[in-house]
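This note goes with the structure shown below and is meant for someone opening it for the first time. Please read the numbered points with the model in view.

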Amino acid sequence: MPDSPKKKGVKSTPPSKTPPPALTDEDILPPVLPILPLGDIVIFPGMIAPLVANTQRSIKLIDDVGASSRFLICSLQIDRSVPDDRVPLDGVMKHGCVCRLLKMLRFPDDTVRVLLQGVSRCQLEGIGEEGPYLRSRYVIRDDLVEDSIEIAALARNASTGFQEIITMSPTLPDELKVAVVNIDDPGRLTDLIAAHLNLPLDERQKLLEDNRPLERLKRLAPLLNREREVLRVGNEIQSQVSQTFSKTQRDFFLREQIKAIKKELGETDQQQIDNNELEEKIKKAKMPADVEKVARKEMERLAAIPVASPEHGVIRTYLDILCELPWAVTTEDHLDIAAAARTLNRDHYDLEKVKDRILEYLSVLKLKRDMKGPILCFVGPPGVGKTSLGQSIARALGREFIRISLGGMRDEAEIRGHRRTYIGSMPGRIIQSLRKAGTRNPVFMLDEIDKLGADFRGDPAAALLEVLDPAQNNTFTDHYLDAPFDLSQILFIATGNIVDTMPPPLRDRMEIIELPGYTQQEKLFIATKHLLPRQIANHGLKRGQITIQRATLEQVIAAYTREAGVRNLDREIANLCRKAARKIAEGRARSVNVTPKLLREWLRPIRFESETAEKRTTPGVVTGLAWTSTGGDILFIEATKMPGKGNLILTGSLGDVMKESARAALSYVRTHAAEWKLNPHFADDTDFHIHVPAGAIPKDGPSAGVAMLAAIVSLVTGKPVPSHVAMTGEITLRGRIMPVGGIKEKVLAASRAGITTIVLPTSNRRHLLDVPAEVRKKITFHFAQNADAALRYLLNGAKHKPTKRTTHRK
């Protein structure tokens, strides 16, 4: 939209003493005029307003007006947030002002400055769009002539009140009084006052729409009184502020005299004592030479500034933070590799890859003491122990542990800090955490790094690039400190649920270690050794007061929780401890033995079946495997057919990739119909419907390609796929089965759901090494390179469980 020259609005010049130029015989108004939408100003008749046109639409309009009649209509936009080049036909007010183009200047920044003069009120009729801008027919609305004592009195009051406002206002020129005194027309007087009075746009528009001077004067009367009162109160406040400032100056001189008297008497004031203490802190902080130079320069400024000055508190806070930072304080590492291994094994079961990485770091640190800290990133579903693992690493190393949550962080200043020019500025979270820890080499956990946000305040992920880059973080500069701080000795550990949402540059700086989840046996061991003892202690129980049998724990894991981690398992154990504590507290028992029978009584009906939910083998129904941010999961895919015209219906909140997999699967089946002894035209008069429950959960990814192909072939051939078989893999139109990710998570999910056979792409064979051996023993894996081999196995060879654990077909 056309902009005003100043940010606070368009400054209009006062109308001349003579009446505004009327329409002469030479001024011929066309029946249709272009419309210039305005977003921050209302132009009145007689008002001269400078505007800036900065869009192609408004510049074209100005050019055409300057080359033709030099008249246009200025009308206020209904929605001020819409740019003027996208204002619709009904996006401007029906009442506007016919304006004359007085002057036009082009500037090097591709904008056009124009000077417009309001001529007359008008009403738009039949807005249309011809070319790049809006046009409309219009009707001139001259002021209704009224001559009465009432209007004369209102005009005189308005003139007197506005002159008082001019006297009190620092922004209105005194020459405006001359213009007000020399206006006899009440209508012109109201337009002059409305053009210069501080009014909302909606109120200005109402004054423009009314062509009755008497009504406009009545509307202006309370507005003038309010503005006069606001200016009076503002002047009183300004006077009080000036008096307070004078008192501050007087107090300053008196304090200086007191300081001089104390100096003659040999006494030292409190400010000098504080400065001496601060000087000692600077010496003890052992800052780098360049930082100490900055601190001493600030000390000199502090000594010269009176205590009452706001700047004194800002400098004092800055120096306190500088002195409290651990510039040279480090924690001695425990380099006993065996003891560190015992600590990690005591706190966490399994997770051998993570433990080996930490022990390797300790081993190298023992040989090279000035080694830079690694930057690790633990990625896995909730509840697998990412945060607690960081705490265990800190205990094993003998270091302080710091944790900050990055989830939802959108302000770059949270990482880099605020500059000291802002009121209430503070360092970023990195420096503040190091100040609290009191050491420069802690274990620093950046939790939920995959949930960083970004908005107009900056991108925290970009700010973390310097923090997590070993080649740069030895000179990390916080905006508040404005001095480099060495972060290279910190052991950074980031956590997240999904790698894909992390920005690639940030992901490149971290060593990704995946924690996919636990098997049933691993959960049983964790519950027995870690979760149960902790919950017994948290609920005020003793070991002899509650006993949870192994069979009970197995049933809790299998029937009441189905997750990759152990968070819900911990909640269910806490639930059992609460019920046992109540029973003991009420005196109904001295100890409680939680049996499987009592478990069903306390926790009510089971939440999950230990086997797959689909036990019946129905043509068109198959079990797929999916990867989610909370681990793996099974996915039931249902297909059905009906008379139609060969359409493919897809439901279940499927994403674009899954929809493409379904279309590719149907195309493959139609291309190879003869191989399955099907009519080549079987789909011409049949509609196929593929549904993936649950419908409210969004789903996407290429892993369901094989499953959708199997569902369609099973449906058209009438051969069911056994319910104990699950599958994953991406297919191509040529029938190749492409590898997919998340194999370990998918296999663990299949094991939890009771699946005994899994069909995988041949290229994913190597990923089975990450699957625990106990799970590999329970499941038969069949590898296929193409769709034909997979379908032959699913529809013919998978009815009975093979004796070999792994089969392979080309």
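1. Leaving aside neighbours within four places in sequence, Phe-378 is in contact with Val-354, Lys-386, Leu-389, Ile-393, Ile-493, Ala-494, Thr-495, Gly-496, Ile-513 and Leu-515, where contact means heavy atoms within 4.5 Å. The model is predicted: local features need pLDDT of at least 70 and side-chain atom pairs count only at pLDDT 80 or more, while totals for chains, interfaces and linings use all residues. Residues are numbered from 1 along each chain as its sequence is written, and side-chain values use heavy atoms, with hydrogens and water left out.

2. Phe-378 belongs to the largest nonpolar core, which has 53 residues. A nonpolar core is a set of buried Ala, Val, Leu, Ile, Met, Phe, Trp, Tyr and Cys residues joined through side-chain atoms within 4.5 Å. Buried means under 20% relative accessible area, exposed over 50%, and partly exposed in between, with a 1.4 Å probe and protein chains only. Phe-378, Ile-393, Ile-546, Leu-569, Ile-573 and Leu-576 touch the most other members of this core. Another core, of 51 residues, lies apart from it and includes Ala-49, Cys-74, Leu-116 and Ile-166. In soluble globular proteins, nonpolar side chains tend to be buried together.

3. Two of those core residues, Leu-569 and Ile-573, also take part in a helix contact. The axes of α17 (residues 520-538) and α19 (residues 567-585) come within 10 Å and cross at roughly 45°. That angle makes α17 oblique to α19; angles under 35 degrees count as roughly parallel, over 145 as roughly antiparallel, 65 to 115 as roughly perpendicular and the rest as oblique. Axes are lines fitted to C-alpha atoms, for helices over the stretch in contact, and angles run from 0 to 180 degrees between N-to-C directions. Helices (H or I, at least four residues) and strands (E, at least two) are DSSP runs, numbered from the N terminus.

4. On the α17 side the contact is made by Lys-523, Ala-527, Leu-531, Leu-532, Arg-534, Gln-535 and Ile-536, and on the α19 side by Leu-569, Asp-570, Ile-573, Ala-574 and Cys-577. These residues divide into 8 nonpolar, 1 polar and 3 charged. Here Ala, Val, Leu, Ile, Met, Phe, Trp, Tyr, Cys and Pro count as nonpolar, Asp, Glu, Lys and Arg as charged, and the others, Gly among them, as polar.

5. Which elements does α18 pack against? Its buried residues pack against α17, β14 (546-548), α19, β15 (592-594) and α20. In α18 (residues 550-560) the buried residues are Thr-552, Leu-553, Gln-555, Val-556, Ile-557, Ala-559 and Tyr-560.

6. Helices α10 (residues 337-347) and α11 (residues 352-367) pack at about 155°, with axes 10 Å apart, and are therefore roughly antiparallel. Ile-337, Ala-340, Ala-341, Leu-344 and Asn-345 in α10 meet Lys-355, Ile-358, Leu-359, Leu-362 and Ser-363 in α11. By class, this contact has 7 nonpolar, 2 polar and 1 charged residues.

7. Two arginines deserve a check of the backbone. Arg-70, in the loop between α1 (56-66) and β3 (71-76), has a positive phi near 65° and is partly exposed at 32% relative accessibility. Arg-604, in the loop between α20 (596-603) and β16 (621-628), also has phi near 65°, but is exposed at 58%. Most residues other than glycine have a negative phi.
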